[in-house]
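Dear colleague,

Please find below a structure that I am handing over to you for your records.

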Amino acid sequence: MSGRIERLAWRLAAGGVLLFLFFPLLLVIVISFNPDGFVFPPSGVSLEWYASMLNDSALINAFLLSVGLGIGTAVITLPLVILASVGLRNEGLPGQQYLENVFLFPLMVPEVVLGFALLIYFSSLGLTGSTVGIVFGHIMFTTPFALQTILAAMKGIDTDIEDAAHDLGAGSLQTLAYVTLPMIKPAIIAGAGYVFILSFTNVTMTLFLVGSGTVTIPVEIYQYISFSIDPTVAAVGAVLIIVSTSVVVYMDRVFSVQEISGF
Amino acid sequence: MSSRSYAGIDRLRSVVGGDTSSLVLLLPLVVAFTALFIVPVGQLFSRAFLVDGTISLANFREIFSTGLYIDVIVRTVRISALTTAITMVSGYLLAYYIVFRSSNKRLLLLLVFVTMMVDLVIRIFGWVVAFSSGSILEILTSPFVEDFSILFSETAIVIGLVQFTLPFMIFVTVGVLSNIDDSLVEAARDLGATRAQAFLRLTLPLSMNAIIVGGSLVFALSMSSFVSPQLLGGGRNRMIANTIFSLIGNSGEWGIAAALGFTLLVTTASILVIFIAIVTALLGSDRP
């Protein structure tokens, strides 16, 4: 009997925390279909806010730019990180442990500081407000996360298999391309998804890097909300929730979430 | 050590050929990292200590002699400490449930990860709407709460920050709790320990790392938070990051803004050193 009550208490507590985590997301989804906007309870279901979203070219352009930036950042960050992980897993490398930790430093610096530093730096290079500048910033920001995911997988590889390939006459590049990389393919896919989402959703650092023609979707929404509260944002929010959820669910199919998060 | 490193080089040579190759492989990332992180951040912090081309602490003197900046620093620490306390307790609770009591660990972790990966601005927008008057939250709480005006308060910032930091605490704690051997707790129970005793004397000390790493991460994230205080706190409840942001519009204030960024890092690190020492003293001595 007391076991039953205890189980119930645990479920309520855990469910309460989960509900709290999901509360803002659920609210955004409900409002996006509510014809009365923020007024509760809804009097019906409507797609009015989605239509208004599709008619807003600034939102659509920002969304497309962010998708492009996310893909571009992943395409550049992943090869850098994969090559570096092949080097970093070699424990004989002098200062290997230090190097590994140095690459995690950006995680410890506040995003506002990173953004501010890049703003000043880019203004001397003429990259302020450019897409190139944003991609550079996102590469720096996402590297530590991708490195944690991919290096962990790289260290878990059975090197005997690579040695065997080499003994059988495969060259270094062949071994890397046909033996090593296929073995860590799940980590690469998950890492790419992780980098894409981190780039796609970053707002604080990116706020310093955007120009008038290069506003990303999170920055556009941020500016939108700062200016006025409009249910159109809820429709955009519902779309972004679906984008993030699909990428995460796809990542989870190849790699467990706990491994991606790197803890 | 030498034999180990020798074996390492040997192994690498067999994989990529030549013992300099790991340095070559690292080179692209080292170059990108230096150009995009070390140089800009180094430049920024040098600005904090340079006034008119000479080394000076004038920027820091200005910060610590201006009531406004001191208020902002104190508020940032207060909000972050409260957020950390709430997140640590509720995050540990859910992580404990996920590891020891749930039947579908993977699904629950996936759900938590989804909430972490959705745009922060969207989540904050959800809270802004929830805190506005006439919202569902006001309707639900109307029997208990007379004056529903949370928006633009420290309470609103803390709620936003707890939602933002919880997944980090949960992932760290799940990682640590998953490595605790179940049979230890069973043995303690067999030897007559109550559930509470087993938890306080065994599980909690064994998960000290979750409290140290998770707590530090949550505190650091809160200290440097920008979006939550900006959108949920309004103009009167600025934290350090918001103050830095507001100084940037005027390039004459860049030195102060850089110094404030440096102060933020040092304040966070100092408090974390004390926090880690306290947790270690409380839980470390009790280790079985």
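The notes below cover the salt bridges and then a patch of surface charge.

This is a predicted model, in which local features need pLDDT of at least 70, side-chain atom pairs count only at pLDDT 80 or more, and totals for chains, interfaces and linings use all residues. Residues are numbered from 1 along each chain as its sequence is written, chains are lettered from A and ligands numbered from 1 in the order in which they are written, and side-chain values use heavy atoms, with hydrogens and water left out.

Salt bridges

Side chains of opposite charge can pair when their charged atoms come close. Over all chains, the structure holds seven salt bridges (a side-chain nitrogen of Lys or Arg within 4 Å of a carboxyl oxygen of Asp or Glu).

One of them links Arg101(B) with Glu6(A), at 3.0 Å from N to O. Because Arg101(B) belongs to helix H4 (residues 67-101) of chain B and Glu6(A) to helix H1 (residues 2-32) of chain A, this pair joins two chains. Helices here are DSSP runs (H or I, at least four residues), numbered from the N terminus. Arg101(B) is partly exposed at 29% relative accessibility, and Glu6(A) is partly exposed at 26% (buried means under 20% relative accessible area, exposed over 50%, partly exposed in between, with a 1.4 Å probe and protein chains only).

Glu154(B) has salt bridges to Arg75(B), at 3.6 Å between the closest N and O atoms, and to Arg78(B), at 2.7 Å from N to O. Glu154(B) lies in helix H8 and Arg78(B) in helix H4, both of chain B, so this pair ties together parts that are 76 residues apart in sequence. Salt bridges that share partners also join Glu6(A), Arg101(B) and Arg195(B) into one network.

As for accessibility, Glu154(B) is partly exposed at 23%, Arg75(B) is buried at 15%, and Arg78(B) is partly exposed at 44%.

Surface charge

Asp181(B), Asp182(B), Glu186(B) and Asp190(B) gather in a surface patch of negative charge. Patches are made of residues with over 30% relative accessible area and no salt bridge, with like charges joined within 9 Å and nonpolar side chains (Val, Leu, Ile, Met, Phe, Trp, Tyr) within 5 Å. Within this group, Asp182(B) is found in helix H9 (residues 182-190) of chain B and is partly exposed, with 45% relative accessibility.

With kind regards

Conventions. Accessible areas come from the Shrake-Rupley method with a 1.4 Å probe; for residues, only the protein chains shown count as cover. Lys and Arg count as positive and Asp and Glu as negative; His and the chain ends are not counted. The place of a charge is taken as NZ of Lys, CZ of Arg, CG of Asp or CD of Glu.
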